[in-house]
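Subject: Handover of a structure and its findings

Dear colleague,

Please find below the structure that I am handing over to you.

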Amino acid sequence: MADFDVFARNCPSRQVFSHVTGRWGALVLGRLTVEPQRFGQIRRQVEGISDRMLTQTLRTLVGDGLVARYSAGTNPPRTEYRLTDTGRDIAAAVRNLALAVEAAMPAVERGA
């Protein structure tokens, strides 16, 4: 297995790290930790994201292998997005970071 170093300029892990830690990638991953969701559900829960940006973010996360797109064979088609095994581990870390930020907010607001 190759060694990866997110701090190295040319390491491919840096690009995935950027997708995961970017504004929308982190929020979408954080929401998908709960359960598989449809596009509209994600859009309603990640306030402020546009349809275009959500589409782009989901495509990127699917391309990185962190999210899987699943279409049930129904009419009309029912497409859901769910975390892959790899995505679950990364999304859990993102969710823990979000919880830590929320917990720190009283101190942040006090300027401590």
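A residue is called buried when its relative accessible area is under 20%, exposed when that area is over 50%, and partly exposed in between, with a 1.4 Å probe and protein chains only. By that definition, the buried residues of helix 2 are Trp24, Gly25, Ala26, Val28, Leu29, Gly30 and Leu32.

Please note that this is a predicted model, in which local features need pLDDT of at least 70 and side-chain atom pairs count only at pLDDT 80 or more, whereas totals for chains, interfaces and linings use all residues. Residues are numbered from 1 along each chain as its sequence is written, and side-chain values use heavy atoms, with hydrogens and water left out.

Overall composition

The chain holds 5 helices and 2 strands; helices (H or I, at least four residues) and strands (E, at least two) are DSSP runs numbered from the N terminus. Along the sequence, their pattern is α-α-α-α-β-β-α. The C-alpha atoms occupy a box of roughly 55 × 40 × 25 Å along the principal axes. Of the 112 residues, 26% count as buried. The chain exposes about 7,800 Å², of which carbon and sulfur atoms supply 52%; accessible areas come from the Shrake-Rupley method with a 1.4 Å probe, and for residues only the protein chains shown count as cover. Among contacts (heavy atoms within 4.5 Å) between residues at least 6 apart in sequence, 42% join residues at least 24 apart.

Helix 2 is mostly covered, with 7 of its 10 residues buried. The cover over these buried residues includes helix 1 (12–21), helix 3 (39–45), helix 4 (51–63), strand 1, strand 2 and helix 5.

Two packed helices are described by the angle between their axes and the distance between the axes. Here the axes are lines fitted to C-alpha atoms, for helices over the stretch in contact, and angles run from 0 to 180 degrees between N-to-C directions. Angles under 35 degrees count as roughly parallel, over 145 as roughly antiparallel, 65 to 115 as roughly perpendicular and the rest as oblique.

Helix 1 and helix 2 pack at an angle of about 70 degrees, and their axes are 4 Å apart. Helix 1 is therefore roughly perpendicular to helix 2. His19, Val20 and Thr21 of helix 1 meet Arg23, Gly25, Ala26 and Leu29 of helix 2. By class, this contact has 3 nonpolar, 3 polar and 1 charged residues; Ala, Val, Leu, Ile, Met, Phe, Trp, Tyr, Cys and Pro count as nonpolar, Asp, Glu, Lys and Arg as charged, and the others, Gly among them, as polar.

The axes of helix 2 and helix 4 come within 10 Å and cross at roughly 75 degrees, so these two helices are roughly perpendicular to each other. Trp24, Gly25, Val28 and Leu29 of helix 2 make the contact with Met53, Leu54, Thr57, Leu58 and Leu61 of helix 4. This contact has 7 nonpolar, 2 polar and no charged residues.

Helix 2 (residues 23–32) also packs with helix 5 (residues 85–110), at an angle of about 105 degrees and with axes 8 Å apart. Helix 2 and helix 5 are therefore roughly perpendicular as well. The residues in contact are Ala26, Leu29 and Gly30 of helix 2 and Ile90, Ala91, Val94 and Arg95 of helix 5. By class, they are 5 nonpolar, 1 polar and 1 charged.

The strand pair

Strand 1 (residues 67–72) and strand 2 (residues 78–83) run antiparallel and are joined by 6 bridges; two strands pair if DSSP finds at least two bridges between them. Val67 has Leu83 of strand 2 as its bridge partner. A hairpin of 5 residues joins strand 1 to strand 2.

Two individual residues

Tyr81 is found in strand 2 and counts as buried, at 10% relative accessibility. Leaving aside residues up to four places away in sequence, Tyr81 touches Leu32, Pro36, Gln37, Phe39, Ile42, Leu58, Val67, Ala68 and Arg69. Tyr81 and Phe7 are 74 residues apart in sequence, and their C-alpha atoms are 30 Å apart.

Glu109 lies in helix 5 and is exposed, with a relative accessible area of 67%. The C-alpha atoms of Glu109 and Gln15, 94 residues apart along the chain, are separated by 32 Å.

With kind regards
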